[in-house]
Amino acid sequence: MDSGKNVPLYESERIDDLLTHEMKIIQSYEVFCFSMDAVLLARFASVPKRGRVLDLCTGNGAIPLIMTTRSPEAVFEGIELQPRLYDMASRNVRLNSLDDRLTMHHGDVKEAVQLFGYGKFDLITCNPPYMPAGSGEHNLSEHFAIARHEIRLSLEDVIRVGSQLLKNGGKLALVHRSTRLIDIVTLMRQYGIEPKRMRLVYPRRDAEPNMVLIEGIRNGKPELRIQPPLIVYENGEEYCEELQEIYFGKRDSLS
């Protein structure tokens with residue numbers, strides 16, 4: 001089957017609307033569908049006007065696809081370990097005619113320094129596996145298990161490699177479970193990244209936060225700014241006004 005831009009679709013795949021700038025994305029319930037986490041990170045990260053941006057564990061490429069809409073001159077790249085997801089991400093680049101601005105790489109994040117070299121990026125983003133290896137569901141497919149659990153990549157790996165890939169003064173932006181906040185801050189400082197900006201995400205006003213968006217600067221000076229909380233749902237199951245504006249294109253960042 002052809003998607004309409006000479007980009008093939010395979011069994012179980014579909015084309016969804018990214019809800020911004022008329023962008024489309026190929027997804028599959030069998031292997032990967034992007035979540036709100038990806039959208040929030042793509043809108044939270046400090047995307048440079050120019051420079052080089054890399055998304056680690058890029059999956060089907062949702063985060064760098066969205067980030068291209070925020071900077072017309074920056075160059076974007078993604079790296080993905082799983083062959084099927086890498087192929088899907090590459091086709092998403094072609095589907096959105098972004099071949100000149102967004103490049104996907106098939107590889108292991110832990111070997112990214114050998115692929116790219118030290119100190120090459122102005123911004124690195126990552127929506128990493130959230131759960132420790134061996135926890136949670138055990139009947140997941142290999143694709144979901146690798147994406148959700150620290151089987152092939154730990155939080156420490158992400159932050160260590162991110163620090164190595166960043167230029168001095170470059171930024172690392174992550175989305176993760178809020179319960180891992182202390183681990184994130186500790187590891188950032190251990191690897192020379194100073195946490196500078198943070199926002200907690202709450203499903204509802206009367207609930208505890210379940211996500212954290214955090215950005216640090218390589219060799220930055222200590223000063224963490226905590227932004228107002230983001231409350232996802234208001235009036236039952238309705239997205240808050242800020243999220244509706246993000247999803248439907250009335251604003252381009254959560255900064």
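In helix 7 (residues 181-190), the buried residues are Leu181, Ile184, Leu187 and Met188, where buried denotes under 20% relative accessible area, exposed over 50% and partly exposed the range in between (1.4 Å probe, protein chains only). Helices (H or I, at least four residues) and strands (E, at least two) are DSSP runs numbered from the N terminus. An α-helix has 3.6 residues a turn, so residues three or four places apart point the same way.

The model is predicted: local features require pLDDT of at least 70, side-chain atom pairs count only at pLDDT 80 or more, and totals for chains, interfaces and linings use all residues. Residues are numbered from 1 along each chain as its sequence is written, and side-chain values use heavy atoms, with hydrogens and water left out.

The cover over the buried residues of helix 7 includes helix 6 (155-165), strand 7 (166-177), strand 8 (193-202) and strand 9 (211-218), with contact meaning heavy atoms within 4.5 Å. Exposed residues Ile182 and Arg189 are carried on the face turned away from the buried side of helix 7. After helix 7 comes glycine 192, which has a positive phi, near 80°.

Glutamine 227 belongs to the loop between strand 10 (225-226) and strand 11 (230-231), and counts as buried at 17% relative accessibility. Its C-alpha is 6.1 Å from that of methionine 198, although glutamine 227 and methionine 198 are 29 residues apart in sequence. The side chains of glutamine 227 and arginine 197 form a polar contact (3.5 Å), a term for a pair of N or O atoms within 3.5 Å; within protein, one must be able to donate a hydrogen and the other to accept it, and residues adjacent in sequence count only if both atoms are side-chain atoms. Arginine 197 also lies over the face of phenylalanine 44, at 4.0 Å from the ring centre; this requires NZ of Lys or CZ of Arg within 6 Å of the ring centre and within 35 degrees of the ring normal.

The structure contains 0 disulfides, a disulfide being a pair of cysteine sulfur atoms within 2.5 Å. Cysteine 57 is in no disulfide, and the nearest cysteine sulfur, that of cysteine 126, is 3.8 Å away. Cysteine 57 is partly exposed, with a relative accessible area of 22%.
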